[in-house]
Amino acid sequence: MRKNSVRFLLLCALVPWVLSAQDGFKAVQSQVVEHTLKNGLKFLILPRHDAPVVSFHTYVNVGAVNESRGITGLAHIFEHLAFKGTTDIGTKDYKQEKVALEALDKSWTAWRAEEVKGAFVDSTKLKQLRDAFEKSQDAASALVENGEFDKAIEEQGGVGLNASTGADATQYFLSLPSNKLELWFSLESARFLDPVIRDFYKEKEVVMEERRMRTESNSIGKLVEEFLAVAYKSHPYKEPVIGHISDLEGITHDEAAAFFKKYYVPSNMVIGIVGDVDPKETIRLAEMYFGRIPAGPAPPGVRTVEPEQKSERSVVLREESQRILLVGYKKGSVNHPDAAVYEVISDILSSGRTSRLYKSLIRDKKLAIQAQGFSGFPGEKYPNLFAFFAVPAQGKTNEECLAAIDEEIARLKKDAVGDEELKAVKNRARADLIRGLSSDAGMADQLTFFQAITGDWRNLFKQLDKINAVTVADIQRVANTVFVNSNRTIGTLEPVK
Amino acid sequence: MKTYRVLTIALLTFGFVFIGSGQTGSKPLQYKKLKYPPLRQVQIPEPLRFQLSNGMIVYLLEDHTLPLIEGSVLVRTGSQYEPADKIGLGSLTGQVMRTGGTTTKTGDEIDEILEKVGASVETYIGITSGGARLSVLKEDIDTGLSVLADLLRNPAFRDDKIELAKIAARSAISRRNDQVMSLAGREFRKLIYGPNDPFARMTEYETIENIDKKDLVEFHKKFYAPNNIMLALWGDFTADEMKAKVEKVFGGWERREVSLPTVPEPTLASERSINFIPKDDVNQSTIVLGHLGGVLRDPESGPLNVADQAFGGAQASRLFKKVRSEQGLAYSVESNWGEGYNRAGVFQINGSTKSGSTVKMVRSLTMEFENFVKNGISDDELKYAKDSYLNSYVFRFDTKGKIINELMTLEYAGYPKDFIQQQQKDIQNATKQSINDAVKKRWKPESLTLMVVGKESDFDKPMSSLGMKVRTIDITIPAPPEKLPDPTPETIAKGKEIVKKTLTAIGGPALLAIKDITLVGKQMQVTAMGEYSMDAEMKIVRPNKMIVQMKAPMGDMTMVFNGSNAWVKSQNGTQDLPGSQREEMLQQAYGDVHYILQNADRGDYVIQYLKDDAIDGNAMAVILVRHTPTKFNVQLFINSKTGLVMKKVTTQTGEKGPVTVEEVYSDYRVADGVQFPFKTVATSDGKKSSELTLTSVKLNTGIKEDEFKK
């Protein structure tokens, strides 16, 4: 009875700000203009005229999950290739270049056919073929107008020009002074309408260097790769986004072209434009420039579903490096009905110095210098992991950190989270959402993500309602379902000795 | 796709016609054919600036787009002012100022107050400034401001949070070689500024241990006065209201004189150097080259920033195009003309490449740099770099936060408030000539410092092929200072008792009467090339003279130490030994077991009982012997039954930091009435390093003084 009245009081206290927050967000929501081209490409435009700048975010719903055996790393390679230009950007003479590129692919294919013979390779022949390949590569490179795409943006004042590839998606982004709106339309539509795969073999070398930097010469990168390989049995989340080195070596030009054709169809892309623009004019330009891209069949999703995990798994990596602990529990995707509960648990465990993991592992037990639990690893689109990450303090072990994390998990399962603690989570979610609104680039990113992955950009705002609806019982129920030993994988980085 | 290409070309032709007729944008155009409307005039709002009567400077800027208020604070302080034996003090003070709470609230209480409303107030101390950041929802501004003021004015530096910050600092030290990028950045800074410069020096276990609460309290007291602080607030408030709030929380803080120490200026290297950091767990080398950078107010700053943008500062720069896109040598490659506000930054060019192309990449980067300095910027590059600089200017002012912080920082650093506009003019006015002149004047191939981190055995060519002396940098982390218990009357008394027993066991009066010792035997040495044995003869004259003669495979060698100088005589003539080896000889002389026992009662030694231990099941008493004049100490493991010394443990300075050296003694035999171990096995950090087997020991043969002359 008493408990009920407390809850009632709390509810009353919550009502006013829930309403006002919603009103505030409604204002922003009502300003978002949604426009879908006939070919299926969706634009989300949020005009804001505080400064004469605009941010662009192209979200392509293709990532490493869409690769298959033999072509790991291709989504990311294509992201690199998308900066190489078109038939009239990045070339000195496309007619000549086209011939040179065909010769280049032929010479590479011939060399590669010999190279893969392994023990049966004819080394004289191999050298001849390699020389021939390098010669044709030089010939093709001589026709490239190197860096033209980047230069076209940078010289007009573009900043933050970059792209990223993850397990779920490939994203391209930049910001421009707002009078250069049409520049972006021209370049961005051209690169997806008329891309030329040039510098392909050199760019693969660049990607291999990226792999060496991020994974092979980086102990934490290595741990993540080893960990995912064990955590997943069959879903492509098990594969490294950067790709296996043998695949990077072997991926062909034709495979890259086919991958583009299959996945870079307009209906598989969402574009966010936030900043000093007139939505009407923006839509006109969108129709004019992106309307040129032909529609294509919707690409297939990932067929493989990760089977239920039956046994606890673990991996130990020994390196000349200090200890790191990584733990992952299988859980539902961002579209799972419990998605908001995962977010709440993550906040309770990890947000700030009042979070449970900070208080336990860092402040009180002094076991770690960093400790977090977060949802959505290595992606969010498909069922993924609720992951824990701890950096043990000097002289402390991964085992001690794991035991302390386990204690916190047991507490979540057994004891109801206090109302005050849950209220704080909800307050923070609201404050974070408001802060997120302040950045043009951040909003362009968020809007496209929610549209592409959850099917509706409005979920960015509805998420707050869903978090507000999470109950103490939800948290306990989800903790008891997800945090089960047979459902987890433990990865540890241990120093060599 | 092919059909569409034809269509594009057709559309482009149309577009061109439209431009000619003055209408733009009704057909898709290739980017080169686009014309842009002028950028809407940027109205940069002027923040309100005022000073409180106590000298605190305040900037306010209204921004009503979201119900948020943010703030930042700058304090004239920095780790640049911390004493050299307490490196880390600034950083600890900056952290614990927040976590350690205030005189009226603990840090944990402040965490609760802020986090339950999604607010944050954090403090820090960097190298050249200290400060704070505040971010709150509009309705929480009073809470946020009062916490901010309380932290800056009344921090309590509670002990538990100092310890917590120290744990984090120690852990960071232990992990500092794990990530190549940060390792490379830090070591390069040390090369450019010198290892003891405030911009480069490193926190070590020892410097952390040297810090205690009163240091933090003093550091805060020294710099945190209102007249030494600037505050900026921007967001959803009215300036009048906010002015009153600021006055309320900071107005009562009394002005205090603050004096800022001067920091010596760094200097440009006078010659080239090549440095190598071995790291065997990587398959990619990190390469950095460069030299001391500039200061933002240098007259060449504008032209040099244009040059840097063209050379390696952006995606369409020369380095990115050549080294990454054309040669496929690297994923990351860039240059950065580093500028500080008031002290030179670091100019660096860096990139990473697979181990097998390390030397190729070094040559490629060096060549590109030399070429750029020699031949200068091209017309194309000039246009590109200037345009990208000037066109992206608007992003310096696209948020209220950037505007207000830029202004506050300029005032903090002593720059005019229209500096950005001046800088813009400088860049506008930069010509090919002025840029190339500036580059020739400030970019110095002859002063290049080169540093490579990687696994040399996998390199395409050895580092030495780069044609200069290669200096290898040791990044071993110095061990924390040994924490040995201080002597107490009890442990000293117990130590005395043990020594007395040992003295008797080893020889009593005969031991005390030793004037000189002659040892003959075989010395086996473990080296990188394998083990080898030599005949050895050692002559020791009390207190600290020594001659060691070895018949080594490469010829005879005699090492002499006359108590103050040491030299080696061999076929190659006579060579003096460096100071570190002299030090080692002194430690050997004063750490000699028989010598310690002979002189245990002299004032030079402090001997205490340390602990009980065991070797091979035999009980041992361990004593700690400190030799006060040389600050050197050894631990002796003494067999509790026989009183014989079975093991000696010392810490020595090795090439890669401190090394634990153990000598295990066995085969004790009596020579001229004194027990000597005829076998000594030495290990270094657990690995066997040498073995001495004696064939004879003679005492007091009257070794002549002449033998110790050069």
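Predicted model: local features only at pLDDT ≥ 70, side-chain atom pairs only at ≥ 80, totals over all residues.
Six strands of chain B form an open sheet with mixed pairing. Their order is 1-2-6-3-5-4. Which strands are at the edges? They are strand 1 (48–51) and strand 4 (120–125) of chain B, and each pairs on one side only. From one strand to the next, the twist averages 15°.

Helix 2 of chain B also packs on this sheet. Helix 2 of chain B touches strand 4 and strand 5 of chain B. Its direction makes about 160° with that of strand 4 of chain B.

Go to one pair within the sheet. Strand 3 (residues 68–75) and strand 5 (residues 130–137) of chain B pair in the antiparallel sense. Eight bridges link them. One residue shows how this works: B:L68 has B:L137 in strand 5 of chain B as its bridge partner.

Next, follow helix 2 of chain B (residues 89–99) to another neighbour. Helix 2 packs with helix 5 of chain B at an angle of about 135°, and their axes are 9 Å apart. How does such an angle count? Angles over 145 degrees count as roughly antiparallel and 65 to 115 as roughly perpendicular. The crossing of helix 2 and helix 5 of chain B is right-handed.

Which residues make this contact? Helix 2 of chain B brings B:L92, B:Q95, B:V96 and B:T99. Helix 5 of chain B brings B:K161, B:I162, B:L164, B:A165 and B:A169. By class, the contact of these two helices has six nonpolar, two polar and one charged residues.

Helix 5 of chain B has a part in the contact between the chains too. That contact takes 64 residues from chain B and 68 residues from chain A. Several elements of chain B give two or more residues to the side that touches chain A, among them helix 1 (2–20), helix 5 (159–174) and strand 12 (346–354). Helix 5 of chain B gives the most to this side, with six residues. By class, the side of chain B that touches chain A has 28 nonpolar, 20 polar and 16 charged residues.

Helix 6 (residues 181–193) and helix 11 (residues 279–290) of chain A have axes that come within 9 Å and cross at roughly 25°. Angles under 35 degrees count as roughly parallel, so helix 6 of chain A is roughly parallel to helix 11 of chain A. Helix 6 of chain A passes helix 11 of chain A in a right-handed crossing. From helix 6 of chain A come A:L181, A:E182, A:F185, A:S186 and A:S189. They meet A:L285, A:Y289 and A:F290 in helix 11 of chain A. The residues of this contact divide into five nonpolar, two polar and one charged.

Stay in chain A and find A:S107, in helix 3 (residues 94–115). Is A:S107 buried or exposed? A:S107 has 22 other C-beta atoms within 10 Å, and 20 or more make a residue buried, so A:S107 is buried. Not counting residues up to four places away in sequence, A:S107 touches A:A132, A:F133 and A:S136. A:S107 and A:K135 are 28 residues apart in sequence, yet 9.2 Å apart in space, C-alpha to C-alpha.

Last come some backbone details. Most residues other than glycine have a negative phi, and most peptide bonds are trans. A:K366 has a positive phi of about 55° although it is not a glycine. A:K366 is found in the loop between helix 13 (356–364) and strand 9 of chain A. With 16 C-beta neighbours inside 10 Å, A:K366 counts as partly exposed. In chain B, phi of B:N700 is near 50°, a positive value in a residue other than glycine. B:N700 is found in the segment after strand 27 (687–699) of chain B.

The peptide bond from A:F377 to A:P378 is cis, with omega near 5°. A:P378 lies in the loop between strand 9 (368–377) and strand 10 (384–392) of chain A. In chain B, a cis peptide bond joins B:R542 and B:P543, with omega about 5°. The place of B:P543 is the loop between strand 16 (530–541) and strand 17 (545–552) of chain B.

Notes
Residues numbered from 1 in each chain as written. Chains lettered and ligands numbered in written order. Contact = placed C-beta atoms within 7 Å. Helix = DSSP H or I, 4+ residues; strand = E, 2+ residues; numbered from the N terminus. Nonpolar A, V, L, I, M, F, W, Y, C, P; charged D, E, K, R; others polar. Axes fitted to C-alpha atoms, helices over the stretch in contact; angles between N-to-C directions. Left-handed = near helix turned anticlockwise from the far one by under 90°. Buried ≥ 20, exposed ≤ 12 C-beta atoms within 10 Å, placed from the backbone. Pairing = 2+ DSSP bridges.
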